[in-house]
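Me: Please take me through this structure by question and answer. I am new to it.

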Amino acid sequence: MSQTTSPSLPFVQSEMHPSRWGDPALAGPLPDSARGLVELAFGLEDTPGLAEPAVPESGLSDDLLAALRGAVGDGYVLTDDETRRLRTRGKSTPDLLRMRAGDLSDAPDAVVRPAGHDEIAAVLAAAVEHRIAVVPFGGGTAVTGGLAARREGYAGLVSLDLVRMKGLLAVDEVSMTAILEPGLRGPEAEALLAERGLTLGHYPQSFEYATIGGFAATRSSGQSSAGYGRFDALVVGLRVATPRGELRLGSAPATAAGPDLRQLILGSEGAFGVITAVTVRVRRMPAAKVYEGWRWPSFAAGADAMRTLAQAGLLPTVIRLSDENETAINLARPDDIGDEDAAAGCLMITGYEGEPGAVAAKKDAVTAVLEGLGGTPLGSEAGEAWAHGRFGAPYLRDAMLDVGVLVETMETATFWSNREALYTGVKDALTAELGDGAIVLCHISHVYETGCSLYFTVAAKGADNPLAQWLRAKAAASDAMMAAGATITHHHAVGTDHRPWLTQEIGELGASVLRAVKADLDPTGILNPGVLIPDAPQLASSRPDSSRPDSTRPDVADV
């Protein structure tokens, strides 16, 4: 195993826009290809946000700031407005709507930037001593409120920014594993691995800004999940700093030594501890990549084809199916919006990566199955267009918000036999809440032998209070997911947005187990308070809206 004792990348701060997604240089107006369609469906209304909303004054005393500086050094505790603004919330539509309205009430009192595990442990010790809430921050791409912790009852709230932890710490090319620090963004991790001819192969839509630590803490699933697996399936080891000490998990490729404690940390969203190193399974960089398109007469026919491939063990590296509505406006290929020639039926994208011979063999086998099931091959153009534009949808979302159109996404998963009921239930709930003018799109991009995910995109004319408008629609759709027996989230995580429905999914005993783990690892409750962990029933019942199934559900009347 080769070792690297210091970060392999320089500490370079490259920031997203505070009230938009991604690289500010790539932000722009609604493309001409989409403008006519949007104007016809919703009209256009200029709704600019505040350029630089005011940041509340930091509430940390000099003594508390000194304690934090003692942990990481004087230069790495920042309280300036710009840095704190950039570490406020994530990038969901509600996050951006609040920011655009000038609401920075969730801004941290300070941004603390540790350089490694020991400094994180020192920050947590100081936070316990002084009762400071700590919110781990990776790439800031959260879309379910996971960066908006409770601050009531704490002396202050700090963003634990992992931007200095960007090292490739070790590579084992015999076992094909690598140890990565949590602050590495997706492209940075891939670049470091590529120097050795390796790849992780994890490409969620947030890939350009999301981090290794965030992938693990939220159970991320990438667009190549059919071939490479979900991120949690790639993790073989973790190092974690908790308020009670260090966890080192993962000493073998498989074990029967009791329950797998890695699973307590994967998906824990910083509520149990701070991930300081992730050991992942890696693969050789593929020598060949081929993407192509298929046409299906209906969403159901395409979904059945996906199921057939999954259950036959013939999944390509990438497989994605858009329903009729998503295909009609070509959201799967943002550069082609408005292209009527590509808008009939349902579009499927398949992709193959690996050695040329293996790619050709898999492609031939999949093609035979899909043609036999009634699919129409479209060739490589559709697939390559998708691959070229697959990270562009969030920029389109922002451009639509600029002209008064509410756009947001949500996702879930279920078993194959329940797919149609879930699909119909969620679509009906969103349409009923947002009105007949709303457009509800869906695609499947993560499949298993037993089931699949459903990823919904919603567009509607923005109301006078678009935040309240969306929270009502989100609640209705989430209730529909629970009524259908599906999960509240397949890969977006729980955060604060999905927390009101978690107990309904896992049961009160399951919620009690999570609270017990939280109490053991974080007895003073400093780590991301209010995120993920459901309140105990007696606490929930004391809230004003306790007549609801879970009284922590967002109260839109107070928005």
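Me: In what order do the strands of the open sheet of four strands stand?
Reply: Helices (H or I, at least four residues) and strands (E, at least two) are DSSP runs, numbered from the N terminus. Two strands pair if DSSP finds at least two bridges between them. The pairing in this sheet is mixed, and the order is β2-β3-β5-β4.

A note on the source: this is a predicted model, in which local features need pLDDT of at least 70 and side-chain atom pairs count only at pLDDT 80 or more, while totals for chains, interfaces and linings use all residues. Residues are numbered from 1 along each chain as its sequence is written, and side-chain values use heavy atoms, with hydrogens and water left out.

Me: Which are the edge strands of that sheet?
Reply: An edge strand here pairs on one side only. The strands that do so are β2 and β4.

Me: Why do the buried residues of α2 line one face of the helix?
Reply: In α2 (residues 62-72), Leu 64, Leu 65, Leu 68, Ala 71 and Val 72 are buried; buried means under 20% relative accessible area and exposed over 50%, with partly exposed in between (1.4 Å probe, protein chains only). On the other side, Asp 62, Asp 63 and Gly 70 are exposed. The arc is that of the directions from the helix axis to the C-beta atoms. Seen down the axis of α2, the buried residues line one face because they fall within an arc of 115 degrees.

Me: Which strands stand at the edges of the sheet of seven strands?
Reply: This open sheet has antiparallel pairing and the order β16-β13-β15-β14-β18-β19-β17. Two strands have a single partner each, so one side of each is left without a neighbour in the sheet. They are β16 (376-379) and β17 (405-415).

Me: What is the bridge partner of Ile 439 in β19?
Reply: β18 (residues 439-444) and β19 (residues 451-461) pair in the antiparallel sense over five bridges. In β19, the partner of Ile 439 is Ala 459.

Me: What angle does the direction of α16 make with that of β19?
Reply: Helix α16 (residues 419-434) packs on the sheet, touching β17, β18 and β19; contact means heavy atoms within 4.5 Å. Axes are lines fitted to C-alpha atoms, for helices over the stretch in contact, and angles run from 0 to 180 degrees between N-to-C directions. The angle with β19 is about 15 degrees.
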